[in-house]
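Reader: Hi! Could you walk me through this one?
Author: Happy to, here it is.

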Amino acid sequence: MAKKNKILILNGPNLNLLGKRQPEIYGRLTLEEIGREIRSLAKRLSVEVEIRQSNNEGELVDWIQQAPAQFGAIVINPAAYTHSSVAMRDAIIAAGIPAIEIHISNIYKREDFRKHSYIAGVAVGQITGFGVQSYLLGLRAAVEMLMGPVSC
Ligand code: CA2
């Protein structure tokens, strides 16, 4: 049964390398450390989160397809699949629950190929360029969509 107050946070390929390479673009925090910040905010907002990462497009598609059974919304950093994955776009449409696209870096300030997102057109909205804060803003946006205004 879908839970309005349970949010799935999905991370695409190579985000398992966060904090270990290219800190000038993606910051110094590891995905595990970002996860701690997300969980801490989730606790304050009284919602449950589940955080997953995969380097495999099919696995991400499976998780998106299965999400409505358990989650009220998805916050997704599709990473490089942002710019290539029609399959993830189609899965988000099929899932029919709100998806919020987030990016650590500002994809519009980078190479031209990063300026197009296959996900943006099917997401509720996109948050890009705020570092780790992008995850936290994405979580806040999801919570406000599902439960109304938050006060912390
Ligand atoms: O800025 C973002 O969050 C991105 O989604 C990150 C993706 C990139 O392909 C998108 O255009 C924007 C790359 C994730 C790879 O993360 C790494 C982290 C550390 C070292 C190497 C890659």
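Reader: How much space lies in the largest pocket?
Author: About 390 Å³. A pocket here is an open set of points on a 1 Å grid over the protein atoms alone, where a 1.4 Å probe fits, with protein on both sides within 12 Å along at least five of seven lines. This is a predicted model, where local features need pLDDT of at least 70 and side-chain atom pairs pLDDT 80 or more, while totals for chains, interfaces and linings use all residues. Residues are numbered from 1 along each chain, and side-chain values use heavy atoms, without hydrogens or water.

Reader: Thanks! Which residues lie nearest the centre of the largest pocket?
Author: Pro 13, Asn 14, Leu 15, Tyr 26 and Ala 79, out of 19 lining residues, meaning those with an atom within 4 Å of a point.

Reader: And where does the ligand sit?
Author: In the largest pocket, as more than half of its atoms lie within 2 Å of the grid points.

Reader: Nice. Which polar atoms lie by the ligand's oxygen atoms?
Author: A side-chain atom of Ser 105 is 2.5 Å from a ligand oxygen, and one of Asn 77 is 2.8 Å from a ligand oxygen. Ala 80 has a polar backbone atom 3.4 Å from a ligand oxygen. The cut-off for such N or O pairs is within 3.5 Å.

Definitions and conventions: A polar contact is a pair of N or O atoms within 3.5 Å; within protein, one must be able to donate a hydrogen and the other to accept it, and residues adjacent in sequence count only if both atoms are side-chain atoms. Grid points are joined across faces, edges and corners, and a volume is the space filled by probe spheres set on the points.
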